[in-house]
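Please look over the model below.

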Amino acid sequence: MEKIYTTTQHFDVETLYEAMIENGYRVSKATVYNTIDLLLEANLVRKHQFGGNLAQYERVYNTNHHHLICIKCGKVREVKDLDLMSSLNTRKFNKFTTSYYTLYVYGICSRCNQKSKKDKDKDKDKNEKK
C-alpha cells in the first residue's frame, strides 16, 4: 500500500514488484499479485487497459480524471476537463447507479508529432538533394 500510494504514475505489477525489491521490501511476486487483487476489490487501486496486453494500475484518490494515450509511444497523460466531468457527474442513467467513470482519449502526443514532422522534413531534404 505504501509503495503504491507514494507512486504518482501508472504501474504494472512487475514494475511495482521490482521497485519494492529495490527499496528493500521483502516480498514475493505472488504476494504482490494477490495483494493487487485485494486492493482492486477494496477499490483502493484501479485497473486500466491502455491498448496493450499489459494491465496498468493506479491508486484511487477520489478524483475522476481522463487519460490521453499516445498511439505511437504509449505514453499516458492524465487530464481533467471540468466541463466534461460536471456533465458526467450529473448524468443519470436509467436503472443504473454510477460508481466511477474513466475516459480514454487516443491520439498522438506533441512529442511524437514533432518527431514525425522532423522526420518528414529530413526525408524531404534528402529527396530534394537527389
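Predicted model: local features only at pLDDT ≥ 70, side-chain atom pairs only at ≥ 80, totals over all residues.

Tutor: Residues are numbered from 1 along each chain as its sequence is written, and side-chain values use heavy atoms, with hydrogens and water left out.

Student: How many salt bridges does a search of the whole structure find?

Tutor: A salt bridge needs a side-chain nitrogen of Lys or Arg within 4 Å of a carboxyl oxygen of Asp or Glu. The search covers the whole structure, and the count is 2.

Student: Which residue forms a salt bridge with Glu14?

Tutor: Glu14 sits in helix α2 (residues 13-22). Helices are DSSP runs of H or I, at least four residues, and strands are runs of E, at least two, numbered from the N terminus. The closest N and O atoms are 3.1 Å apart, and the partner is Lys29.

Student: Is Lys115 buried or exposed?

Tutor: Lys115 pairs with Asp119, with the closest N and O atoms 3.2 Å apart. Buried means under 20% relative accessible area, exposed over 50%, partly exposed in between (1.4 Å probe, protein chains only). Lys115 has 53%, so Lys115 is exposed.

Student: Where do Asp119 and Lys115 both lie?

Tutor: The two are 4 residues apart, about one turn of the helix. Both lie in helix α5 (residues 110-129).

Student: What does Ile108 count as at 37% relative accessibility?

Tutor: Ile108 lies in the loop between β5 (103-107) and α5. Its relative accessibility is 37%, so Ile108 counts as partly exposed.
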